[in-house]
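User: Can you walk me through this structure? I'd like to go over salt bridges, then strands, then an interface.

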Amino acid sequence: MPKLTIDGREVEVEAGKTILQAALTLGREIPHYCYHPGLSIAGNCRMCLVEVEKAPKLLIACDTRVQDGMVVNTDNQRVRDARASMMEFFLINHPLDCPICDQAGECRLQEYATEHGRGTSRFVEVKNISEKAVDIGPHVMLDQERCIQCSRCIRFCEEVTGTGELNFFRRGQRTVIGVFPERPLDNGYSGNVVDICPVGALTLKEFRFQTRVWYLDNTPSICAGCARGCNIIVSVGTQRELMGTQGQLDESVKRLVPRFNEEVNGHWMCDEGRLSYQRLYSAPRIERAQHPAGTVVPWADAVSAAASALKSAAGKVAVLLSSRTTSEDMLAWRMLLEKLGGDTIGVRANHRGDDDDLLIRADKGANSRGAAWIFGEGATEDAVLDALLLGRVEALVVVGDPLDPVDTANLEARVREKIANVIHVGPFVAGTAESAAVVLPAAAWSEQDGTMANFEGRIQRVRRCHLPQGEGRPGWRVVRDLAEAAGIEMPPWTSYVEVLDSLAEQVEEYRGLDAESIGLLGAKVGAGTAT
Amino acid sequence: MERILTRNIHKDDSQSVSVYEAGGGYQSLRKALKMDPDNIQEEVKRSGLRGRGGAGFPMGVKFSFMPKDGDKPMYLICNADESEPGTFKDRVIIEKDPHLMLEGCLISSFAIRARACFIYIRGEYVHGARVLEKAIQEAYDKGYAGKNILGSGYDCELVLHRGAGAYICGEETSLMTSLEGNRGYPRLKPPFPAQAGLWGRPTTINNVETLANVPFIIDRGADWYLTLGKPPNNTGPKLYCLSGHVKRPGVYEAPMGLPLKELIYDLGGGMLHDDRPLKAVIPGGSSVPVLRAEQCDVDLDYDSLAAIGTMLGSAGVMVMDSSTCMVKAIERITRFYAHESCGQCTPCREGCGWLEKILTRIEAGQGRQEDMGLLENIADNIQGQTICPLGDAAAMPVRSFVQQFRSEFQEHVDSKTCTVAHAQAHD
Amino acid sequence: MLGQEFEAKVDEIVSRYPEPKAALLMLLWEVQERKGWVDLESEVWIAERLGVSPAHVHGTVTFYTMYKQKPSGKYHIQVCTGLSCMLRGSDNLMDHLEKRLGIKEGETTPDGKFSLIRVECLGSCGTAPMFQLNDDYHEDLTLEKVDRLLDGLD
């Protein structure tokens with residue numbers, strides 16, 4: 001393998017790698033705009049110019065392949081001068097939009113200008129102007145003036161989605177990006193161009209002007225929109241004194257962005273998943289325990305009522321879960337039901353459309369695979385409803401979908417008038433929560449730690465990004481409270497890692513795994529037992 | 001002096017294949033087809049023929065970069081995109097002696113084992129394209145192009161392709177990108193065209209005039225070619241383009257190394273106005289550094305001009321007399337580069353526009369003391385840091401005008417007016 | 001879109017290249033020669049014919065200065081303003097044309113007869129000043145020559 005020296009440090013990398021990639025292995029990121037590891041090399045921004053001894057001109061690190069014995073300087077005066085001159089070129093026509101630009105705080109122009117720029121402007125001419133706030137698609141807004149023509153967005157639409165909606169128009173300093181008239185950027189993955197845009201030229205309509213990025217509290221988690229489980233970062237607001245909040249702390253989810261995982265989603269996520277957090281705010285939340293629905297009672301009373309209903313129906317209890325329920329919650333319900341002596345447990349399937357060539361799965365159940373492992377293949381919604389019709393169910397627990405309130409609407413219509421003893425455990429006032437005998441608030445998808453298994457059997461960690469609303473708590477805690485009230489013995493779980501330990505003991509596919517081994521990138525089933 | 005490249009252009013109906021054949025045309029092709037392609041390459045290399053498009057790269061060496069075998073199709077491109085300001089020599093060959101160019105294309109295609117030659121002609125040369133279209137058809141009809149040329153077993157297609165108004169497409173990688181049906185963006189090198197060119201296949205790109213030399217080299221040999229001009233590195237006949245403030249502007253053929261003053265005062269009839277002496281000359285198209293009048297005792301060949309800090313380039317000799325405002329002249333030149341920059345890379349896209357704005361401001365009487373240093377610094381920041389040489393082509397003239405005529409810039413800044421009368425068109 | 005003859009020509013042009021996309025510039029010329037300019041509908045047609053996105057075609061059209069994105073005058077005057085032409089009076093020539101036609105460069109006369117633009121070096125520096133009128137070069141121009149030429153156009 002070629003051995004080269006970068007800034008006096010020796011490094012060995014595979015032949016075919018570039019200087020930029022070699023420097024990254026040393027922990028040194030050579031400044032760049034147009035290079036992106038998920039796209040082809042463009043080499044147009046010229047920000048990554050470095051000095052290679054024996055080469056007369058500076059060379060771009062992103063496209064120069066390493067040679068054995070190469071000596072590279074990325075930080076001497078000549079290189080720093082080149083970088084400062086590139087920064088100057090970037091800024092001369094750039095609009096001073098920082099005060100109103102969403103990118104502020106995560107903008108490479110700001111970062112590199114501060115670190116590598118000249119510090120003052122020598123440009124006294126009139127700046128080139130072009131169109132601002134151009135609506136180019138259902139989710140994306142374009143500001144042509146802010147664009148630095150790095151072509152990342154164009155390459156994304158060409159190479160990843162193959163749809164080619166974006167291109168350069170005109171030439172030279174008048175070059176702008178745009179879409180063909182009446183052919184908007186609407187390929188199901190349009191939000192990714194906002195992620196990869198190094199500046200504020202492309203912004204997400206749903207995030208525009210919502211908050212400043214330095215107010216965001218970011219947590220790595222997993223999207224629960226479908227069975228792929230794209231790795232994401234959930235950004236929650238932390239800003240007080242926002243208009244409309246009357247000084248209350250606004251801790252809502254502001255946006256989702258993809259997190260790189262080579263095995264699951266690469267660098268990308270789909271638009272539907274990106275905006276799935278909006279569903280959390282599409283219905284009112286259950287804040288307090290109710291008995292019956294609509295009548296608020298102290299938590300302990302509601303739990304007690306539910307527990308006695310379950311005890312008296314022992315042997316004829318059914319539990320209907322969502323395919324987005326965490327494995328921890330699923331195991332807790334399974335264990336409770338075993339002790340109650342019933343085996344009617346089902347998972348609501350959630351399929352829509354088809355798998356596509358990229359990331360989207362027709363199975364919207366983020367934990368369908370986990371459900372199959374924990375309950376077996378026969379645990380379907382139909383099995384539970386059949387049991388209900390055959391009179392074999394006297395108490396039905398409905399575990400609401402932690403992401404999507406729409407989920408139980410249909411179900412509610414089907415169980416109403418067939419059974420009175422419904423216990424709804426979930427986050428949203430919707431469906432069976434509106435007519436159940438007991439309603440217990442549970443944490444939503446972004447409010448509890450747990451694990452889910454994607455369609456390929458990769459176990460990934462869903463994280464708690466903000467506190468549950470009101471009295472809401474993780475499902476397994478609700479189970480513990482019910483068990484205690486019913487005099488049923490359950491393990492003394494105090495945190496989800498202990499529930500995960502139980503999963504490792506009782507579910508074959510989880511054997512040998514713990515929070516650390518699952519980590520940020522997940523663990524393929526069997527990884528815990530691999531020798 | 002024997003006319004070589006221009007031997008046919010004054011004949012009636014010079015574009016027709018019959019006139020061309022009557023003058024001995026296509027005999028070289030016949031001869032070449034019986035030679036080994038590598039021998040043709042060797043002969044061209046020995047002749048010392050250097051690229052006439054502007055870079056002056058040895059043609060035989062360029063040929064040698066092509067693979068000698070392999071099953072990938074290979075191509076020759078004839079670069080007829082002639083757009084360098086001050087240059088109009090290829091147009092003469094295209095319009096007046098197209099078969100000379102085609103014969104050069106066909107011999108060269110054979111030498112590199114190309115299966116097709118694409119002729120990329122600038123969009124504005126509409127007349128030239130029509131002439132070529134007709135000539136290509138004649139070549140096919142006579143069996144000089146297409147399948148089994150002259151019974152040799154060699155196949156070569158000739159495809160005419162029109163540009164649509166972009167100087168950058170004269171740069172070889174931009175030409176290929178344009179030909180493939182895209183915006184004319186130059187490509188990163190490596191890979192080089194001989195490794196991966198058109199559609200990723202080995203490709204050689206040559207200028208019209210360069211290709212027009214090849215039939216003569218094959219017909220009369222490299223030894224003969226080496227007697228023309230200034231061997232070993234500045235050989236052959238050359239077409240010089242003379243324009244600007246002279247009595248007889250036009251294309252003149254002479255052996256390589258014609259003295260600049262002979263071109264201006266003998267062939268060109270001297271200065272346009274007897275009372276306006278020579279002030280400056282750009283010897284090789286607007287991309288090369290400008291010369292002051294006192295530097296004009298120089299031969300027009302690659303090495304002589306390089307030795308005094310400029311270039312032969314495209315041999316577009318632009319003559320300026322004492323009535324020329326040098327600030328206005330470089331403003332016009334820079335506006336060209338800003339207009340033609342493809343916009344792909346940052347220093348050229350932003351830098352050329354910036355240079356244009358500063359020069360316009362100085363010319364309009366709003367220059368500042370720091371502007372001259374700023375122009376030079378911007379030029380330095382563009383040069384050598386771009387994807388293709390257009391950035392260099394914009395930077396070098398700016399630097400040379402400011403350095404050679406600093407006092408004029410100073411006057412513009414100090415007095416806020418132009419102290420030199422502008423040239424007027426005389427009716 | 002433009003009839004069978006056009007489509008047959010398109011097929012022939014596409015067949016000249018190993019990859020269909022390479023026919024793009026030549027197809028745009030075919031459209032412009034027939035319609036006088038390149039409209040968006042034609043761009044979409046060509047995109048579909050060549051298997052590229054409309055944005056790709058539009059990006060190409062807007063890159064090259066000779067493709068017109070709106071109709072020009074019946075007589076499209078393209079005045080060369082390269083350095084050599086400037087030295088031989090192209091500024092004067094442009095002023096004269098603006099006055100005579102009553103429009104500024106970049107504009108079209110109200111009756112649609114003349115449009116006037118400036119262009120960069122046309123490769124005719126030996127016969128400066130000059131302009132290109134539609135397809136044809138008119139060289140060695142004097143103001144009188146220009147007037148006589150325009151007088152003769154109907």
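What follows is a short chat about those topics.

User: What kind of model is this?

Analyst: It is a predicted model.

User: Start with chain A. Which residue does A:Arg463 meet in a salt bridge?

Analyst: Its partner is A:Asp449, at 3.0 Å from N to O. A:Arg463 sits in the loop between strand 20 (458–462) and helix 12 (475–485), and A:Asp449 in the loop between strand 18 (438–441) and strand 19 (450–453), so the pair ties together parts of chain A that are 14 residues apart in sequence.

User: Is A:Arg463 buried, exposed or in between, and what is the number?

Analyst: A:Arg463 counts as partly exposed, at 23% relative accessibility.

User: Which residues of chain A are linked in a network of salt bridges?

Analyst: The network links A:Asp97, A:Lys132, A:Asp143, A:Glu145 and A:Arg146.

User: Why would side chains like these pair up at all?

Analyst: Opposite charges can pair when the charged atoms of the side chains come close.

User: On to chain C. What does C:Arg34 bridge to?

Analyst: C:Arg34 forms a salt bridge with C:Glu30. The closest N and O atoms are 2.5 Å apart. Both residues lie in helix 2 (residues 24–35) of chain C. They are 4 residues apart, about one turn of the helix.

User: What about C:Lys74, which residue does it meet?

Analyst: C:Lys74 and C:Asp154 meet in a salt bridge, 4.0 Å from N to O. C:Lys74 is in the loop between helix 4 (54–63) and strand 1 (75–80) of chain C, while C:Asp154 is in the segment after helix 7 (143–151), so the pair ties together parts that are 80 residues apart in sequence. C:Asp154 counts as exposed, at 64% relative accessibility.

User: Switching to strands. How many residues of strand 10 of chain B are buried?

Analyst: 5 of its 5 residues are buried. Strand 10 covers residues 278–282.

User: Which strands does strand 10 of chain B pair with?

Analyst: One is strand 13 (residues 316–321) of chain B, antiparallel over 4 bridges. There, B:Val281 has B:Val319 as its bridge partner. Another is strand 11 (residues 291–292) of chain B, also antiparallel, with 2 bridges. B:Ala280 stands opposite B:Arg292 in strand 11.

User: Now the interface. How much area do chain B and chain C bury between them?

Analyst: About 4300 Å², with 56% of it on carbon and sulfur atoms. In chain B, the residues losing the most area to chain C are B:Arg162, B:Ala164 and B:Arg332, together 15% of what that side buries.

User: How many residues from each chain are in the contact?

Analyst: 61 from chain B and 45 from chain C.

User: And how many salt bridges and polar contacts run across?

Analyst: There are 6 salt bridges between chain B and chain C. One is C:Glu120 with B:Arg335, whose closest N and O atoms are 3.7 Å apart. The polar contacts come to 28 residue pairs.

User: Which element of chain B gives the most to the side that touches chain C?

Analyst: Helix 13 of chain B, with 8 residues. Several elements supply at least two residues each, including strand 2 (116–121), helix 7 (126–141) and helix 13 (326–340) of chain B. By class, that side of chain B has 30 nonpolar, 17 polar and 14 charged residues.

Conventions
Residues numbered from 1 in each chain as written. Chains lettered and ligands numbered in written order. Predicted model: local features only at pLDDT ≥ 70, side-chain atom pairs only at ≥ 80, totals over all residues. Heavy atoms only, no water. Salt bridge = Lys/Arg side-chain N within 4 Å of Asp/Glu carboxyl O. Buried < 20%, exposed > 50% of the residue type's maximum accessible area, 1.4 Å probe, protein only. Pairing = 2+ DSSP bridges. Contact = heavy atoms within 4.5 Å. Buried area = accessible area lost by both parts, 1.4 Å probe. Polar contact = N/O pair within 3.5 Å; in protein donor to acceptor, adjacent residues only side chain to side chain. Nonpolar A, V, L, I, M, F, W, Y, C, P; charged D, E, K, R; others polar.
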